[in-house]
Amino acid sequence: MSDVSFVRHDQIPPSPPPAREAGAVKWLRENLFSGWINSILTILAVYFVIKIVIGVYPWFANGVWEGGSRADCVAALAGETGACFAILAERWNQLLFGISYPSDSYWRPFLAFVLLLPCVSPVLFNGLPRKMLVLTLLYPFIAFWLIWGGTILAPIVGLIGFIAGYYAFLEGEKRSGFVLGLVAGLVAAIIVWRVGGMLSGAASGFMAFEPVASRDMGGFMLNMILGTICVSLSIPLGIALALGRQSSMPIIKGICVVFIEFVRGVPLITLLFVANVVLAYFFPPDANIDLILRVIIMITLFSAAYIAEVIRGGLAALPKGQYEAADSLGLNYSQAMRLIILPQALKISIPGIVNVAVGLFKDTTLVSVISMFDLVGAIRGPILGSANWTGIYWEVFGFAALLFFVVCYGISQYSQWLERQLQTDHRD
């Protein structure tokens, strides 16, 4: 036997991995057939999915899209099984804009929805120019003018009131401190709104759209209005409540604790009845508070209490060293919260905040209990109450479920993208 070792002079070309260790086979083996229990569950799931698809497909495939009543659908099907999608085609505008919204003004809420996308983008995506935040600040007033109508002077007066209050707050804070600055800002805003309200009332026809009362709004538009406004307002209010609950001042902490625990202990339906009946007694006798505004107030307070608890969990999850680091840098309370504590706490709280936001958007359908015809209320009331469409349920409620799924799934996907951007899990 030779004692000289053999050394290869050329490298063996790499071989492909075994078929069961790459590609679709590997994915199936690891995710669907990783054990005998998982294999049985996968086979059963596939069996039931196939059964459902086989049963539902003819119902979709034979669907009737044209007709003025259920009788037309039955006649078109001629005894076969099929859906009556004609109700969606005939009641499309009512499903989106409500029963009583003027048909010649449908373009106004549609334009408001189209403008929502570019105006909210600077808040959702950091890569866009910060100057676009001006559009975000102007959008609420533009959307109010488009959807509710009336003279353009009303939203302009509202905007000027906020600007005057902001500058009065800055000047008052610089001269006399935060509390007096807040009072000065509030007084300045009220004065501008009072005087401007009289002026806009005197010139009600200046650049005016046809006014639309809140009672005439409904459909999916009402769900979008309530969901967008209430989520936008409840997040900053929830942050303030969470910070107040952790405050070292007993009165502030007590007020926040009582508010959060009380609101969380009351069902949303009860708060909606309060908004419809009781809340008006808390305003001046001559004040005519809009119904949608009252509902927005109560839903915002309700969701803010839950968001406050979510953010409080994020604050509690931060290690004590973060607070000590802020103190060592010489930052005051406001700077420490704004620059160090809150950004990290909000990153941790993103899944919880999104969970509350999705639940809030779905809870907007509860306004139907106070006779507001949102999407579900319009379906259950005027649409299915019509003699022409008696017995049609799956088509319209399935359409409503599809709309809510698209919005809620979009919110969920955005939150996951935001978590990846912020690397919330700290795995790296």
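1. A residue is called buried here when its relative accessible area is under 20%. With that in hand, welcome to this predicted model. Its chain averages a pLDDT of 86, and 97% of the residues score at least 70. Among the elements of the chain, helix α12 (residues 268–278) has the lowest mean pLDDT, 82, while α2 has the highest, 92.

2. After α17 comes Q423, with a positive phi near 50°.

3. Helix α2 takes in residues 36–61, 26 residues in total, and spans 37 Å between its first and last C-alpha, close to the expected 38 Å. Where is α2 kinked? The kink, of about 25°, lies at G55, shortly before the proline P58.

4. The UniProt record, an unreviewed entry, places the feature "transmembrane region" at several stretches, including residues 36–60 and 392–411. In the model, residues 36–60 are 100% helix and 0% strand, with end C-alpha atoms 36 Å apart. Residues 392–411 are 90% helix and 0% strand, and there the end C-alpha atoms are 30 Å apart.

5. How many disulfides does the structure hold? There is one, and it joins C73 to C84 with an S to S distance of 1.9 Å. C73 sits in helix α3 (residues 70–77) and C84 in the loop between α3 and α4, 11 residues apart. The torsion about the S-S bond is about 55°, so this disulfide is right-handed. C73 counts as buried because its relative accessibility is 2%, and C84 does so at 4%.

6. C230 is in no disulfide, as the nearest cysteine sulfur, that of C408, is 14 Å away. C230 is buried, with a relative accessible area of 0%. C256 is in no disulfide either; the nearest cysteine sulfur belongs to C230 and is 20 Å away. At 10% relative accessibility, C256 counts as buried.

7. C230 also turns up beside T300, a residue of helix α13 (residues 291–317). Leaving out residues up to four places away in sequence, T300 touches C230, L233, S234 and L237. Why does T300 count as buried? Its relative accessibility is 7%, and the cut-off is under 20%.

Definitions and conventions
Residues numbered from 1 in each chain as written. Predicted model: local features only at pLDDT ≥ 70, side-chain atom pairs only at ≥ 80, totals over all residues. Heavy atoms only, no water. Helix = DSSP H or I, 4+ residues; strand = E, 2+ residues; numbered from the N terminus. Buried < 20%, exposed > 50% of the residue type's maximum accessible area, 1.4 Å probe, protein only. Contact = heavy atoms within 4.5 Å. Expected span 1.5 Å × (residues − 1). Bend = angle between axes of the 7 residues up to and from the residue. UniProt positions renumbered as here; feature names shortened; annotations may be inferred. pLDDT = per-residue confidence, 0-100. Disulfide = S-S within 2.5 Å.
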